Amino acid sequence: MFTPASPSQELMGTGDLGLIIERATGSVLVINTSRHSVLGRVEGLGDLSHASVVYSRDGRYGYVFGRDGGLTKVDLLTRSIVERVIQSGNSIGGAISQDGRFVAVSNYEPGGVKVFDSETLELVMDIPASYTDAEGKTVQSKTVGLVDAPGNRFVFSLFDADQIWTLDMAASEPAVRKFDAGDAPYDALITPDGRHYIAGLFGEDGLSMLDFWNPEQGVTEILPDYGKGEQKLPVYKMPHLEGWAIADGRAFFPAVGHHQVLVANMDDWSLVDRIPVQGQPVFVMASPDNRQIWVSFAHPKNDVIQVIDSQTREIIQTLEPGEAVLHMEFTPRGEEVWVSARDSNRVTVYSTRTLEPVATLDAEKPSGIFFTSRAHALGL
């Protein structure tokens with residue numbers, strides 16, 4: 001027998017929901033992108049100063065990775081915490097496996113990666129990032145750039161050990177494979193097709209790239225004229241590689257220490273253009289149709305967003321969402337983009353057609369914005 005929902009128990013799907021991190025209060029807002037509304041606040045998530053979120057396959061549950069080592073499972077429909085574990089002393093992000101069964105977390109302290117059951121948050125595997133240092137001692141490395149990859153794999157970089165590791169969760173016995181990389185990988189991304197894992201290098205020019213179609217070739221260096229050695233200005237904030245834009249066979253990405261967005265040809269990874277912008281870019285993000293590139297900036301010029309036409313590579317608009325812009329997120333089909341302004345305590349929603357604001361939402365020191373559409377994308 002079918003029992004209809006009561007007025008106080010509205011039925012809804014999760015496809016247009018999301019979470020906004022309120023970094024100073026250890027809370028998240030549950031939002032509806034279609035209504036431009038806040039559905040509720042969930043508190044008690046600990047230190048969210050560098051927080052990120054991944055989603056279950058059905059989009060109901062968000063897994064929030066806190067800086068204090070907390071891993072919290074949030075139910076977007078009931079707006080409540082389902083499970084929470086403190087799994088390390090200092091963590092910086094994580095990923096969910098392709099089949100949705102496992103959640104992995106990368107850690108600074110004590111280092112290594114831990115894998116949890118996505119249903120219960122019970123520990124499945126603990127992988128120390130052990131390596132031999134210059135003095136011959138076995139020590140642990142900070143792990144960074146953890147993403148999911150095709151084949152039910154996780155991939156991550158070892159900052160101190162100069163390596164990239166893959167973890168195959170589909171094998172009968174989960175297996176780790178190790179690759180030598182460049183000097184001090186500090187962050188990484190996986191291309192939207194899941195083929196290439198690219199790690200930025202803090203210790204040298206260039207980036208390290210692993211091709212999953214041809215892993216036997218090992219890690220190769222790309223863009224050797226890009227990186228730390230080129231810096232002409234103080235670096236106020238290291239850019240996030242996840243914010244690279246891939247559009248029309250080109251990669252648009254932030255230049256470290258320059259007021260530029262760089263453009264590379266993905267056929268041979270040659271640098272083909274440098275686009276002048278108003279400050280040091282942090283996030284360089286493509287709209288879902290690849291027509292626009294939205295750019296945010298590091299302190300002190302972090303109160304604006306610049307929009308680039310991906311075809312002409314010219315700036316078409318400069319927007320002012322508020323003080324201390326930290327993050328952007330496009331709606332799944334790209335008709336709007338949500339922008340957080342931490343020090344203005346608000347999130348502004350822009351139309352990508354008119355480049356005008358269409359809504360604002362109050363939030364306490366908002367930072368990361370994460371929509372449930374991420375549940376169906378690799379590497380997010």
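Contact here means that heavy atoms lie within 4.5 Å.

## Model and confidence

This is a predicted model, in which the protein averages a pLDDT of 91 and 93% of the residues score at least 70.

## Serine 157 and its surroundings

Serine 157 is found in strand β15, which covers residues 153-158, and it counts as buried because its relative accessibility is 0%. When neighbours within four places in sequence are left aside, serine 157 is in contact with Lys142, Thr143, Val144, Gln163, Ile164, Pro185, Ala188, Tyr197 and Ala199. Arginine 23, in turn, lies 134 residues from serine 157 along the chain, and the C-alpha atoms of the two residues are separated by 26 Å.

## Salt bridges

Side chains of opposite charge can pair when their charged atoms come close. The structure holds 10 salt bridges, including one in which the side chains of glutamate 22 and arginine 41 meet with an N to O distance of 2.7 Å. Glutamate 22 lies in strand β1 (residues 17-22) and arginine 41 in strand β3 (residues 37-42), so the pair ties together parts that are 19 residues apart in sequence. Glutamate 22 counts as buried at 0% relative accessibility, whereas arginine 41, at 41%, counts as partly exposed.

Another salt bridge is formed by aspartate 68 and arginine 84, with the closest N and O atoms 3.6 Å apart. This pair links distant parts of the chain, since aspartate 68 sits in the loop between β5 (61-65) and β6 (70-75) and arginine 84 in strand β7 (residues 80-86), 16 residues apart. Aspartate 68 is partly exposed, with a relative accessible area of 23%, and arginine 84 also counts as partly exposed, at 28%. Glutamate 135 forms a salt bridge with lysine 137, in which the closest N and O atoms are 3.6 Å apart; glutamate 135 is exposed, with a relative accessible area of 62%, while lysine 137 is partly exposed at 49%.

## Backbone features in loops

Most residues other than glycine have a negative phi, and most peptide bonds are trans.

Arginine 313, although not a glycine, has a positive phi of about 60 degrees; it lies in the loop between β28 and β29 (315-319) and is partly exposed, with a relative accessible area of 24%. Leucine 355 has a positive phi near 60 degrees and is found in the loop between β32 (346-351) and β33 (357-362), but leucine 355 counts as buried, its relative accessibility being 8%.

## The second largest pocket

About 230 Å³ of space lies in the second largest pocket. Its lining is made up of 15 residues, of which Ser97, Gln98, Ala375, His376 and Ala377 lie nearest the centre of the pocket. By residue class, the lining of the second largest pocket divides into seven nonpolar, five polar and three charged residues.

Note on methods: Residues are numbered from 1 along each chain as its sequence is written. This is a predicted model: local features need pLDDT of at least 70, side-chain atom pairs count only at pLDDT 80 or more; totals for chains, interfaces and linings use all residues. Side-chain values use heavy atoms; hydrogens and water are left out. On a 1 Å grid over the protein atoms alone, a cavity is a set of points where a 1.4 Å probe fits but cannot get out, and a pocket is an open set with protein on both sides within 12 Å along at least five of seven lines; lining residues have an atom within 4 Å of a point. Grid points are joined across faces, edges and corners, and a volume is the space filled by probe spheres set on the points. Ala, Val, Leu, Ile, Met, Phe, Trp, Tyr, Cys and Pro count as nonpolar, Asp, Glu, Lys and Arg as charged, and the others, Gly among them, as polar. pLDDT is the predictor's confidence in each residue, from 0 to 100. A salt bridge is a side-chain nitrogen of Lys or Arg within 4 Å of a carboxyl oxygen of Asp or Glu. Helices (H or I, at least four residues) and strands (E, at least two) are DSSP runs, numbered from the N terminus. Buried means under 20% relative accessible area, exposed over 50%, partly exposed in between (1.4 Å probe, protein chains only).
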